[in-house]
Amino acid sequence: MKILVTGGLGYIGSHVVVELQEQGYEVLIIDNLSNTSLNVLDKITAITTIPPVFEKVDVRDKESLATFFTKHTDIKGIIHFAASKAVGESVENPLLYYENNINALVYMLQNIQDQETSFIFSSSCTVYGQADELPVTENAPIQPAESPYGNTKQIGEEIIRDTCKVTPHLNAIALRYFNPIGAHKSAKIGELPLGIPQNLVPYITQTAIGLREQLSVYGNDYPTRDGTAVRDYIHVVDLAKAHVAALSRLIEKKGTENFEVFNVGTGTGSTVLEVITAFEKATGKPLNYKIVGRRAGDVVEAYAQTDKAHQVLGWKSTYSLKEALASSWKWEQAVRGK
Ligand code: UD1
């Protein structure tokens, strides 16, 4: 069964491709290589021994995308990752984010609305903002977005919901990711941020390897157990498995509605200081860090209620925070040749 993965050479996409291949799916990848390289294709092949079919296509290019879909009429499912994800950059350049994340989504849906297709959208826990009740359930109200990036996830879900209403043969799931970290156990694929990392775990591993001098911990005056902010860190391989579980539900037409949303997290919140301690324990490396002021736009606490994914998709996370951090570290060492 042929599955299209857009952005399949990116961080999460590449892990999903591996998981799909390992579960017997035939994978077709499109990627514009804007934030990754063709090298990842070789790494995927080295892990699974099956070279995925790859075409360099930019999903924002309406004509190329239409040409691609006229050539490939046997795609049964689509997992759509091709999008931008840097919160700060989206504030600086909102139109880039609306073009990359919204135009491209509309073009994708226009191309598939006439055929029976399963569609998975990468959403984010950012849609909840600071939820009133924790753990956050899928029914928690959507809050006004803190950034154009966050807004594209909210609008993206709405676009799919509206399209599904008038397209009964389109079956879609939005997965609301909490904080993906970690890397494949082979250390052949992982997260490779361009420039200075904005996210916590790549900043930690780059500090430990000596690329950054010191980690700044953004705020220790939050109303949490140690004053630092709480997030739900999920191993990217667990996250990848959630996509395959969601895809099976869509393909087997088990959905109760043709658009559903699921949280994908571990259900456990960790503070920034707990992440640092877990990293130090997992790797035996002390981390140089200092406490600085809060970062604008950060929520205090976000961790997932995962019952829906467990009960409906039969999925739950398996890796501990320590295991996930150890895999991030192994990846960082492999990338730097250390
Ligand atoms: C951020 C986005 C989220 C997005 C995700 C994708 C915000 C508010 N949220 O999640 O919408 O889906 O990235 O990449 O930007 N921290 C430090 N020092 C650092 C980096 C981070 O202390 O150098 C802290 C943060 O303040 C936060 C936690 O670590 O408490 C996690 O931060 P990060 O990895 O950037 O993820 P989020 O902010 O949760």
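Helices (H or I, at least four residues) and strands (E, at least two) are DSSP runs, numbered from the N terminus. With that in hand, let's look at Gly297, which sits in the loop between strand E13 (289-292) and H10. Gly297 has a relative accessibility of 45% and counts as partly exposed; buried means under 20% relative accessible area, exposed over 50%, and partly exposed in between (1.4 Å probe, protein chains only). From Gly297 to Asp58 there are 239 residues in sequence and 31 Å in space, C-alpha to C-alpha.

A word on what you're looking at: this is a predicted model, where local features need pLDDT of at least 70, side-chain atom pairs count only at pLDDT 80 or more, and totals for chains, interfaces and linings use all residues. Residues are numbered from 1 along each chain as its sequence is written, and side-chain values use heavy atoms, with hydrogens and water left out.

**The whole chain**

The chain has 11 helices and 13 strands. Its radius of gyration is 19 Å, close to the 20 Å that the globule rule gives for 338 residues, so the chain is as compact as a globular protein of that length. (That radius is taken over C-alpha atoms, and the globule rule is 2.2 Å times the number of residues to the power 0.38.) Along the principal axes, the C-alpha atoms fill a box of roughly 55 × 45 × 40 Å. Buried residues account for 53% of the 338 residues. Take the contacts (heavy atoms within 4.5 Å) between residues at least 6 apart in sequence: 80% of them join residues at least 24 apart.

**Inside the cores**

In soluble globular proteins, nonpolar side chains tend to be buried together. A nonpolar core here is a set of buried Ala, Val, Leu, Ile, Met, Phe, Trp, Tyr and Cys residues joined through side-chain atoms within 4.5 Å. The largest one has 40 residues, and the members touching the most others are Ile12, Leu20, Ile29, Ile44, Leu175 and Trp315. Elements that each give at least two residues to this core include strand E1 (2-6), helix H1 (11-22), strand E6 (170-177) and helix H8 (236-251). Which element supplies the largest share of this core? That's H8, with 10 residues. Another core lies apart from this one, with 28 residues, among them Ile30, Leu105, Leu109 and Ile159.

Now try Ala104, in helix H5 (residues 94-112). Is Ala104 buried or exposed? Ala104 is buried, with a relative accessible area of 0%. Not counting residues up to four places away in sequence, Ala104 touches Val59, Arg60 and Glu99. Ala104 and Glu158 are 54 residues apart along the chain, and their C-alpha atoms are separated by 15 Å.

| Residue | Phi | Relative accessibility |
|---|---|---|
| Leu33 | near 60° | 21%, partly exposed |
| Thr49 | about 65° | 65%, exposed |

Leu33 is in the loop between E2 and H2, while Thr49 is in the loop between H2 and strand E3 (53-56). There's also a cis peptide bond joining Leu134 and Pro135, with omega about -10°. Pro135 belongs to the loop between strand E5 (117-124) and helix H6 (148-166).
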